[in-house]
Amino acid sequence: MKKTIVLTILYFSFFLANGQDMKTGFAHLEAGEFAQAESFFEQVLEEYPDNKTALICYGRAVGLNGQPSKAKNIFSDLLKQYPNDIEVQLNYAESLLWGKQYGKAEKYYSTLAKQYPENFAVLLGYANTFSNLKKYAEATDYVNRALVVQPGNASAMTSKKYIRLGQAYSLSQQQEYKAAVELLKANLADFENDRQTLINLANIYILMKETDLASETYQTLATSPKDSLLALNGMALAAHIAGKNKLALQRSEKAISKLSATIDSTTTKSTKERFVQALIWNKHYSKAEDTIRSYQQQYGDQNWILSLKATLGMYRSDFSESIAAYNQILENDSASFDGNLGIGNAYYAVGKVDKAYSAADQTLEIFENQVDAQTFLNKLDRSFSPVVEERISLTSDNGKNQAISTKTQLLFPVSTKLSFSGAYLYREAKNKNTDEQATTHEFRVGVNYHLLPKVKLHAAGTVIDAKSFSHDYTSFSSELSAKMKLLKLQDLELGFKQDIQNYNADLVDRELKANHFYLNHNLGSNVGVGWFTQYFYTNQSDENVRNLLFTSLYYNILSKPVLKTGFNFQTIGFKEQRPTVYFSPEKFKVYELFLDFLKDENSIQDQSGLFYGLNAAAGYQFIEDGKKQFTHRVQVKLGYKASNRLLANFYGTQSNIASATAAGFSFTEVGLRLKWQISSSPIFNRKKYDHFR
């Protein structure tokens, strides 16, 4: 906060008894020309070394000219000669503030306030001391006392403004945004359209995601060419946060067009920086890269240029490029916010979790309570905190099969690399036509291991206890998989898993066990087009064999919320056909168009909010050599995230695709899901691991 220091030198006679005129020195002090004042009073003291007034003025000039220790010594010596002189006492107190010895200043002003409870300079100096100590309640109390003594005093009102600014910033760091806004509005009532207050208010509206209010505040700020650019840059950011990236680019392009040689270099750079960011937000990656290159030729490898390169890398999934740029930023400035937090996000993206944690800790050590850094650390903690999830569902189909099932599962990380899982599934199936019914209990234990940054392994074993209408049995199944990040936008999963077919009572009774060997592959791109492929090879305990291929070519229209459309193709073929037992055609194909609209629970950055999803598809299926049949499939979900640790959602599925179940029936399923993060942080001591950047 800007220090507002009241000159306590009394307006005594400008002429000493010997005729020395000091008006020039006073004028230098009041004009803030401290070097000239220091030189002037130094000359006076050569002739009059014991003059109290000259010594006080010299001490003020020295202290305000960047030598607070020297000023303190001057006033300490004067206090020995004039221990009860209020003028000397006040200047000594101010010298403590100049030297940032706020604790000592607080004690000294406390004594003065008891001796001179109505002295304006004492009360205001005490208020400024409390403000520097971030004791804003006390600062407000004493600046108000000063204003009682001198109502409307400009210096006291200015101090009150900066006290409010400091307190508002402190409240915003604690995410007490509404209280901060009220303080800033009070400032604007006293100082109409004050520039600093408007900037702080707009920034808090940005943090609150009140983007319309932020834009209105920025518009009020735009009263000069420089502030017009500042406003457009802020309004572009507000548009981005509101999900209006095209508007963000329009505003940024307007700001770029207003740049001129008269604009200062800082504003020019921030405007150019926002323009490249807006290009990136709109996925104009080639133009962004060309623009960064041209800026680099003009400015060199300055940190803001490197930050743009790193941001572009993050959006294009060129994480190694981002890490290299962030490392260069940190070499230039180890305390860089962009460098420390940015590299943490990049490390997390490539699976180097320990390094991500280290970067988050380092950022918060430098920028205490910083919102973005704390949010990132909380995200990391949630990734490695124990979670329990409960599902209950009801299923029915046109073959009169009905089922109710519940599933309870637990994920329990014990380090950033290793976690254990457990699950219990109960399913009760019944057919109304035959009165056949069966129940299954499944108990699963699994382990997950992050072998390499781009390789994750999973293994699990399941004990199945089944009771059917003709016999009971116990079985065991296993699964093993590996997930790999092949290239920057290419994911591959290879796996094996076993299961007991438990869709309906008849399948449970047949004890039909399937061994699945599968592959999932996804290939993305920076232009929104992607291609997903899934292949299953299954051999069953009845010696039948199934081949299943599913492939989807899709296009991402929007990213927040996700809006995706595309074309799906599925083909299934069984070695032997057993239509009276389960759906097992020799030839089966489905062609469909789909639309996916999704606001994922993980996209909710606030502690609470709604999330939802709709996946709809329509097309044709071909069974054996029969005629084409129209098909549809709809999946919906609607949920509420009550906090970062608790959420619930309903979901439903309806499909008439013949391959939807092992029995080959169209079916409907509805269910409820609850998810609870047991603890707010990992149960293991993550800081015991060594972290190296």
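Start with the whole chain: of its contacts (heavy atoms within 4.5 Å) with a separation of 6 or more, 51% are between residues 24 or more positions apart. Keep in mind that this is a predicted model, where local features need pLDDT of at least 70, side-chain atom pairs count only at pLDDT 80 or more, and totals for chains, interfaces and linings use all residues. Numbering runs from 1 along each chain as its sequence is written, and side-chain values use heavy atoms, with hydrogens and water left out.

Now show the C-alpha trace, which spans about 125 × 50 × 45 Å along its principal axes. The chain has a radius of gyration of 35 Å, while a compact globule of 693 residues would have one near 26 Å (taken over C-alpha atoms; the globule rule is 2.2 Å times the number of residues to the power 0.38).

Switch to cartoon and you get 22 helices and 16 strands (DSSP runs: H or I of at least four residues for helices, E of at least two for strands, numbered from the N terminus).

Next, select residues 265-281, helix α15, and residues 303-315, helix α17: their axes come within 10 Å and cross at roughly 5 degrees (lines fitted to C-alpha atoms over the stretch in contact, with angles from 0 to 180 degrees between N-to-C directions). That makes α15 roughly parallel to α17, the word for angles under 35 degrees.

Key
Angles under 35 degrees count as roughly parallel, over 145 as roughly antiparallel, 65 to 115 as roughly perpendicular and the rest as oblique.
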